[in-house]
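Hello,

Here is the structure we talked about. Please open it and keep it beside you while you read my notes.

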Amino acid sequence: MRLKNIPGSREEIAASRFVVHDPEEYRGRWSALFGNDHPLHIEIGTGKGKFIMGMAVLHPEINYVGIEKYSSVLLRAVQKMEEQELSNVKFIRMDAEDLTEVFGRGEAGRIYLNFSDPWPKDRHAKRRLPSRQFLGRYDEILEKGGRVEFKTDNRDLFEFALGELEPAGWRLEEVTFDLHGDDRLAEGNVMTEYEERFSAAGNPICKYIISR
Ligand code: SAM
């Protein structure tokens, strides 16, 4: 993602009540923050929040946490929440590398990765969100039977992600190389910002759902 540094974004994120500023304090007790024991679903690389907020409207019985590394991107998500406040959504500005410091063992039911950065150089493979290193982190925080759902239009990244499953001990539950052409898997699909842009440009969208 091309990043514009937006002046004041860091301060606005630091002051926002929609952002959890001390997320380590809720490790193992996110239900206390939401005030209910609904399932916890996490999106990593949440961007401007379109997907997670769309999901939260459709599924009020689920608690959603959106993780985003950059204040200047998360700012737009926070501004959307000011226009349409959703009690089942919180954001964290952090690097997902520290995921296991913020969520307890088996605490999450589902993890969404949407249009993750490709990190095309081989030496950066471990930074890719569907890499085996990240799958190891997801393994720790996902409950038994928990799933990871990944969407991208980047075929090379998707092929890489598929190749990571067996060495990391994960199982493919569903896969498509053309999500929008697959009526069954597209049912209930909530589009992300990138998904709207790339599918409008004619790029097919790949998706997998995995478990371990
Ligand atoms: N998911 C959105 C969508 O589909 O429209 C945004 C996609 S954008 C290409 C990827 C986003 O993931 C960026 O906002 C980036 O800052 C964020 N991101 C990448 N690596 C991350 C990490 N390790 N931790 C948290 N966020 C990350």
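A salt bridge here means a side-chain nitrogen of Lys or Arg within 4 Å of a carboxyl oxygen of Asp or Glu. Keep in mind that the model is predicted.

The whole structure holds 13 salt bridges. Take Lys-80 and Glu-193: their closest N and O atoms are 3.0 Å apart, so they form a salt bridge under the 4 Å cut-off. Lys-80 sits in helix 4 and Glu-193 in helix 9, so this pair ties together parts 113 residues apart in sequence. Lys-80 is buried, at 18% relative accessible area. Glu-193 is partly exposed, at 23%.

Next, find Glu-173 and Arg-147, whose side chains meet at 3.8 Å, N to O. Glu-173 belongs to strand 6 and Arg-147 to strand 5, so the bridge ties together parts 26 residues apart in sequence.

Arg-155 and Glu-159 also form a salt bridge, at 3.0 Å. Both lie in helix 7, four residues apart, or about one turn of the helix. A network of salt bridges links Arg-110, Glu-149 and Lys-207.

Now the largest pocket. Its space is about 750 Å³. It is lined by 35 residues, and among the closest to its centre are Gly-45, Phe-115 and Asp-117. Which helix gives the most to the lining? Helix 9 does, with three residues. The lining has 15 nonpolar, nine polar and 11 charged residues.

Last, look at the surface. Leu-172, Val-175 and Phe-177 form a nonpolar patch there, with about 210 Å² of accessible area together. Val-175 is in strand 6 and is partly exposed, at 34% relative accessibility.

Best wishes

Key. Residues numbered from 1 in each chain as written. Predicted model: local features only at pLDDT ≥ 70, side-chain atom pairs only at ≥ 80, totals over all residues. Heavy atoms only, no water. Patch = residues over 30% accessible without salt bridge, like charges linked within 9 Å, V, L, I, M, F, W, Y side chains within 5 Å. Areas by Shrake-Rupley, 256 points an atom, 1.4 Å probe, with all protein chains shown as cover. Helix = DSSP H or I, 4+ residues; strand = E, 2+ residues; numbered from the N terminus. Buried < 20%, exposed > 50% of the residue type's maximum accessible area, 1.4 Å probe, protein only. 1 Å grid on protein atoms, 1.4 Å probe; cavity = no way out; pocket = protein on both sides within 12 Å on 5 of 7 lines; lining within 4 Å. Points joined across faces, edges and corners; volume = space filled by probe spheres on them. Nonpolar A, V, L, I, M, F, W, Y, C, P; charged D, E, K, R; others polar.
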